[in-house]
Amino acid sequence: MSLKILTLGVKEKFLLILINIVDVNQIFAAFGRDTNVSKLNLGNNFLCNLEIIRLESALSENNKLLELNFANCKLGEIGGKILALGLSKNTWLQNLILVNNDLGDSIAASIIQAVTPNHNLRQL
């Protein structure tokens with residue numbers, strides 16, 4: 001059985017898999033290699049910049065990811081810049097959720113610019 005949906009730290013009834021892991025870096029390293037993960041829900045988790053750097057790298061490697069949820073993750077400006085870099089290398093993502101992350105106008109503009117070449121993106 002291969003992993004299709006990966007959720008960290010969020011307890012929602014409709015999700016198929018719930019994994020609570022202390023070291024998110026291990027997940028991001030595996031995520032880059034696991035081409036079956038189509039949904040990654042990191043909502044309501046505080047992610048440090050090092051973890052976002054690992055995810056940025058994974059975003060460029062995993063071409064099956066269709067949905068990425070960063071709601072309420074306190075990304076901030078630096079995290080937003082790192083995420084924008086990863087998103088600029090990803091053209092297959094369809095849904096990106098970034099609400100409540102204190103990104104600011106300039107970082108939000110950078111993210112929009114990063115995803116502009118992605119013609120598959122339906123929700124931002």
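Colleague: What percentage of the 124 residues in the protein chain do buried residues make up?

Modeller: A residue is called buried when its relative accessible area is under 20%, exposed when over 50%, and partly exposed in between, with a 1.4 Å probe and protein chains only. Buried residues account for 43% of the 124 residues in the protein chain. A caution on the source: this is a predicted model, in which local features need pLDDT of at least 70 and side-chain atom pairs count only at pLDDT 80 or more, while totals for chains, interfaces and linings use all residues. Residues are numbered from 1 along each chain as its sequence is written, and side-chain values use heavy atoms, with hydrogens and water left out.

Colleague: How many helices and strands does the protein chain have, and in what order do the elements run?

Modeller: Helices (H or I, at least four residues) and strands (E, at least two) are DSSP runs, numbered from the N terminus. The protein chain has 4 helices and 4 strands, and from the N terminus on they follow the order β-α-β-α-β-α-β-α.

Colleague: Which share of the contacts joins residues at least 24 apart?

Modeller: A contact means heavy atoms within 4.5 Å. Of the contacts in the protein chain between residues at least 6 apart in sequence, 77% join residues at least 24 apart.

Colleague: How should I read a helix, and which residues of α4 are buried?

Modeller: The general idea is that an α-helix has 3.6 residues a turn, so residues three or four places apart point the same way. In α4, the buried residues are Ile107, Ile111, Ala114 and Val115. They lie on the same side of α4, because they cover an arc of only 90° around the axis. That arc is taken from the directions from the helix axis to the C-beta atoms. Exposed residues Asp105, Ser106 and Gln113 are carried by the face of α4 turned away from its buried side.

Colleague: Against what do the buried residues of α4 pack, and what is the reach of this helix?

Modeller: The buried residues of α4 pack against α3 and β4. The expected span of a helix is 1.5 Å times one less than its number of residues. With 12 residues, α4 reaches 17 Å from its first C-alpha to its last, close to the 16 Å expected.

Colleague: What covers the buried residues of α3?

Modeller: The cover includes α2, β3, β4 and α4. The buried residues of α3 are Gly76, Gly79, Gly80, Ile82, Leu83, Ala84, Gly86 and Leu87. This helix has 13 residues and reaches 18 Å from its first C-alpha to its last, close to the 18 Å expected.

Colleague: Which side chains meet in a salt bridge?

Modeller: A salt bridge is a side-chain nitrogen of Lys or Arg within 4 Å of a carboxyl oxygen of Asp or Glu. By this rule the count is 1 salt bridge, formed by the side chains of Lys89 and Glu56 at 2.8 Å, N to O. The pair links distant parts of the chain, with Lys89 in the loop between α3 and β4 and Glu56 in helix α2, 33 residues apart.

Colleague: Is Glu56 buried or exposed, and which residues does it touch?

Modeller: Glu56 counts as buried because its relative accessibility is 10%, whereas Lys89 is partly exposed at 41%. Leaving aside residues up to four places away in sequence, Glu56 touches Ile82, Leu85, Gly86 and Lys89. The C-alpha atoms of Glu56 and Leu85, 29 residues apart along the chain, are separated by 6.9 Å.

Colleague: Where is Asn95 found, and which residues does it touch?

Modeller: Asn95 is in strand β4 and is buried, with a relative accessible area of 14%. Not counting residues up to four places away in sequence, Asn95 touches Leu66, Glu67, Leu68, Leu121, Arg122 and Gln123.
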